[in-house]
Amino acid sequence: MAGHSKWANIQHRKGKQDAIRSKLFSKLAKEITVAAKMGDPDPDKNPRLRLAVKEARSSSMPRDVIDRAIKKSQGGDADTYENIRYEGYGPGGVAVIVEALTDNRNRTASNVRSTFGKNGGNLGETNSVAFQFERKGEIFYKLAAGDADTVMMAALDAGAEDVESDDEGHWITTGEDDLGTVSAALEGSLGESETAKFVWRPKLTTPVEGETFEKLMRLIEVLEDDDDVQSVTTNMETSDEAMAAYAAS
């Protein structure tokens with residue numbers, strides 16, 4: 001089975017933990033509100049909301065905060081958000097996909113374009129880099145869910161495409177349209193997963209190191225600090241040592 005590249009898809013975050021936690025909760029709450037507003041406020045009847053709630057729980061978001069985000073969607077004063085994807089290139093020619101939820105398209109586009117320009121990147125047109133990625137579903141189970149063979153057999157029986165087990169747990173890949181059905185099937189055999197979400201997987205990676213790596217990480221950091229930005233994905237390839245040194249800095 002193909003390997004799971006966590007570094008290629010990781011949402012890079014650094015800074016004070018309290019500030020990170022607050023901003024993360026805000027973004028998770030926005031996704032929950034949008035998902036609940038677009039469909040049924042009951043997670044069991046709304047696949048997108050169910051995934052959003054699962055992601056929030058995996059980040060230790062309090063239940064009352066989750067409930068407030070759902071209730072907000074039912075109020076007449078709930079903001080109207082739209083999903084927008086931005087694509088471009090960062091330092092070193094690294095492909096970058098930015099996903100946003102915004103109530104002001106012009107504001108977000110201006111901020112994202114400015115951030116690329118000020119940090120050695122170039123914002124492109126829609127689909128200018130998406131062809132270098134595949135949209136997949138990713139389900140994660142901790143090691144306690146079972147040994148590698150047990151999890152692999154359960155995942156393949158459920159319709160998953162790929163499984164990798166490492167010292168953190170089991171990473172299960174699904175087709176874009178199969179995440180909900182595979183996740184539900186696995187709950188019957190392995191119990192509830194830690195996370196189940198959509199990810200962009202690069203078909204090819206771009207190696208970066210040294211000063212280029214530092215500049216790229218600065219671009220990612222500033223993009224993720226934008227309140228409208230939900231996720232940033234790149235096709236960067238770098239060493240575990242470089243990532244560890246950056247995380248510790």
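Two strands pair if DSSP finds at least two bridges between them. Helices (H or I, at least four residues) and strands (E, at least two) are DSSP runs, numbered from the N terminus. With those terms, E164 stands opposite W171 in β6.

This is a predicted model, in which local features need pLDDT of at least 70, side-chain atom pairs count only at pLDDT 80 or more, and totals for chains, interfaces and linings use all residues. Residues are numbered from 1 along each chain as its sequence is written, and side-chain values use heavy atoms, with hydrogens and water left out.

**The sheet with β5 and β6**

β5 and strand β6 (residues 169–175) pair in the antiparallel sense over 4 bridges. The open sheet has 4 strands in the order β5-β6-β4-β7, with antiparallel pairing. β5 (162–165) and β7 (195–202) stand at the edges with a single partner strand each, so one side of each is left without a neighbour in the sheet. Neighbouring strands here are turned by 30° against each other on average, direction ignored. Such angles run from 0 to 180 degrees between N-to-C directions, and axes are lines fitted to C-alpha atoms, for helices over the stretch in contact.

**The sheet with β1 and β2**

Another open sheet of 4 strands has the order β3-β1-β2-β9, again with antiparallel pairing. Here β3 (122–123) and β9 (229–234) are the edge strands, each with a single partner strand, so one side of each has no neighbour in the sheet. Strands of a sheet pair through backbone hydrogen bonds, either parallel or antiparallel.

Strand β1 (residues 82–89) and strand β2 (residues 95–102) pair in the antiparallel sense over 8 bridges. E82 has T102 in β2 as its bridge partner. α5 packs on this sheet, touching β1, β2 and β3. The direction of α5 makes about 20° with that of β1. α8 packs on the sheet as well, touching β2 and β9, and its direction makes about 160° with that of β9. Y86 stands opposite V98 in β2.

β1 and β2 form a hairpin with 5 residues between them. G92 in the turn has a positive phi of about 80°. β1 also pairs with β3 in the antiparallel sense, over 2 bridges. There, G88 has L123 in β3 as its bridge partner.

| Helix pair | Axis distance | Angle |
|---|---|---|
| α3 (residues 47–58) and α4 (residues 63–73) | within 10 Å | roughly 150° |
| α5 (residues 105–118) and α8 (residues 210–225) | 9 Å | about 165° |

How are α3 and α4 directed relative to each other? They are roughly antiparallel. The cut-offs: under 35 degrees is roughly parallel, over 145 roughly antiparallel, 65 to 115 roughly perpendicular and the rest oblique. L49, V53, A56 and R57 in α3 meet R63, I66 and I70 in α4. Contact means heavy atoms within 4.5 Å. By class, this contact has 5 nonpolar, no polar and 2 charged residues. Ala, Val, Leu, Ile, Met, Phe, Trp, Tyr, Cys and Pro count as nonpolar, Asp, Glu, Lys and Arg as charged, and the others, Gly among them, as polar.

α5 and α8 are also roughly antiparallel to each other. V112, T115 and F116 in α5 meet L219, V222 and L223 in α8. The residues of this contact divide into 5 nonpolar, 1 polar and no charged.
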